[in-house]
Amino acid sequence: QVSTLEDPLVQEYAEDLVYQLASHSDLQAPNLALVLINSRQINAFAVPGGVIGLNAGLFLEGESEDEVAGVIAHELAHLSQHHFLRRYADSQRINTAVLAAMLASIAVAIAGDPEAGMAGMAATQAAAIQQQLAYSRAHEREADREGMDTLQAAGIDPDAMPRFFERMMREQQFSGDPPEFLLTHPVTRERVADSRARARAMGQVALNTSLYYHLIRARLTAGFFSEPGEAVTYFSTQFHGGASISEQAAAYGLAMALLRTKEFDRAQRVLSALQERFPDEQWYRLAEAELSLAREDSSAAVEQLRELMRLMPGNYSVSLFLTQALLADNQSAMAIPVIEPVLESRPFDPLAWTLAADAYGKSERLAEAHRA
């Protein structure tokens, strides 16, 4: 019922990170489905069936890949420890006891002591809520422990988890409006202190400075400004022509923002400068293809993406962008053999099926279009 984020680059990056962590978790043969929510709110969830949801706000708020990895590891622990099913079993047991106590309280009220009966009902409800909260807190602490073990096994700083939670708690104090994550995952000072002490006992791990995380963060930030011009101003103040990871991310975010304001020539200059300094970075070449699509120069985009496909055969993001370019260039029949391998490897990918439906429909393969 919520808006999902349909960006193949963000999807591919997030899936790689999730599966990297899942391979070091207690999940047996993890078969996961990742849903990205198009929301600035900070939240994440995991439900039975291996479905993990991440809000875009998690990437906007996380200062490093390690911090986002800490939240993901926490959610994987909820799955591996079967917390949803355990909570359901606990609630069934609690509900039986609550029903018996409520009936007893009603009986007391009918017998002639209504005040005692009402007091009994209130006490019963309060006890049931407290018991449910106690189970929730126990599960959260267990997910912290298991998640930090996963981080350490994956070579990621386990201190990133309490660091991220602590910063959210501080921000809540000043804003007064807690993030969704704090509402669904109760965080206390005691819990943060416990996890920080555990991280110290695990030993230090070198901080992971991922270029791709900062590029993803810049890409999302450029799209979440309500006024595209504000994003251009923001990244213009961040970019000073340097070559550090933060400077590259600022330049990339500036280019993405300029696409939204349709300042294509300026975007081209920024991307050309990036390509000249970092000729082996495929993301900048892919951004040039996105620029060609934004300019409605679909034939140039097809040529650029075909070259990228030759360098990275079967790549998910390139395949989807190439399919879009071929459809824009009225080459729907050529788009089908590009998108079909994606459908085989990712049979439940909604964005891929949407593109496939378009390709089949424009190629007058109507039965397959309806199936898609």
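Leaving aside its neighbours within four places in sequence, with which residues is Leu21 in contact? Setting those neighbours apart, Leu21 touches Ala69, Ile72, Ala73, Leu76, Thr150, Leu151, Ala154 and Ile156. The model is a predicted one. The chain contains 18 helices and three strands, and 48% of its 372 residues count as buried.

**Core and contacts**

- The largest nonpolar core comprises 102 residues. Leu21, Ile52, Leu54, Phe59, Phe165, Leu220 and Leu305 are the residues with the most contacts inside this core.
- Helix 11, spanning residues 245–260, gives the most to this core, with nine residues.
- When contacts between residues at least 6 apart in sequence are considered, 61% of them join residues at least 24 apart.

- The three strands form an open sheet in the order 1-3-2, with mixed pairing. Strand 1 (33–37) and strand 2 (44–47) are the edge strands, each of which pairs on one side only.
- From one strand to the next, the twist averages 15 degrees.
- As a general point, strands of a sheet pair through backbone hydrogen bonds, in either a parallel or an antiparallel manner.
- Strand 1 and strand 3 run parallel and are joined by five bridges. Within this pairing, Leu34 stands opposite Ile52 in strand 3.
- Strand 2 and strand 3 (residues 51–55) run antiparallel and are joined by four bridges. Ala46 has Ile52 as its bridge partner in strand 3, while Val47 stands opposite Val51 in strand 3.
- The side chains of strand 2 alternate along its length.

**The hairpin of strand 2 and strand 3**

- This hairpin has three residues between its strands, and Gly49 takes a positive phi near 100 degrees there.
- Pro48 also belongs to the loop between strand 2 and strand 3. With a relative accessible area of 41%, Pro48 is partly exposed.
- Pro48 and His78 lie 30 residues apart along the chain, and their C-alpha atoms are separated by 9.4 Å.

**Helices across the sheet**

- Helix 1 (residues 8–22) lies across strand 1 and strand 3 and runs at about 130 degrees to strand 1.
- Helix 3 (residues 65–80) lies across strand 2 and strand 3 and runs at about 20 degrees to strand 2.

**The cavity**

- The model has one cavity of 30 Å³ or more, and the space in the largest cavity amounts to about 30 Å³.
- The lining of the largest cavity is made up of Glu15, Val18, Tyr19, Leu32, Ala33, Leu34 and Ile52. Helix 1 and strand 1 are the elements that give two or more residues to this lining.
- Helix 1 supplies the largest share of the lining, with three residues.

**Gln282 in helix 13**

- Gln282 is placed in helix 13, which covers residues 282–294.
- Is Gln282 buried or exposed? Gln282 is buried because its relative accessible area is 19%, and the cut-off for buried is under 20%.
- Apart from its neighbours within four places in sequence, Gln282 is in contact with Leu308, Leu311 and Met312.

Notes:
Residues are numbered from 1 along each chain as its sequence is written. This is a predicted model: local features need pLDDT of at least 70, side-chain atom pairs count only at pLDDT 80 or more; totals for chains, interfaces and linings use all residues. Side-chain values use heavy atoms; hydrogens and water are left out. A nonpolar core is a set of buried Ala, Val, Leu, Ile, Met, Phe, Trp, Tyr and Cys residues joined through side-chain atoms within 4.5 Å. Buried means under 20% relative accessible area, exposed over 50%, partly exposed in between (1.4 Å probe, protein chains only). Contact means heavy atoms within 4.5 Å. Two strands pair if DSSP finds at least two bridges between them. Axes are lines fitted to C-alpha atoms, for helices over the stretch in contact, and angles run from 0 to 180 degrees between N-to-C directions. On a 1 Å grid over the protein atoms alone, a cavity is a set of points where a 1.4 Å probe fits but cannot get out, and a pocket is an open set with protein on both sides within 12 Å along at least five of seven lines; lining residues have an atom within 4 Å of a point. Grid points are joined across faces, edges and corners, and a volume is the space filled by probe spheres set on the points.
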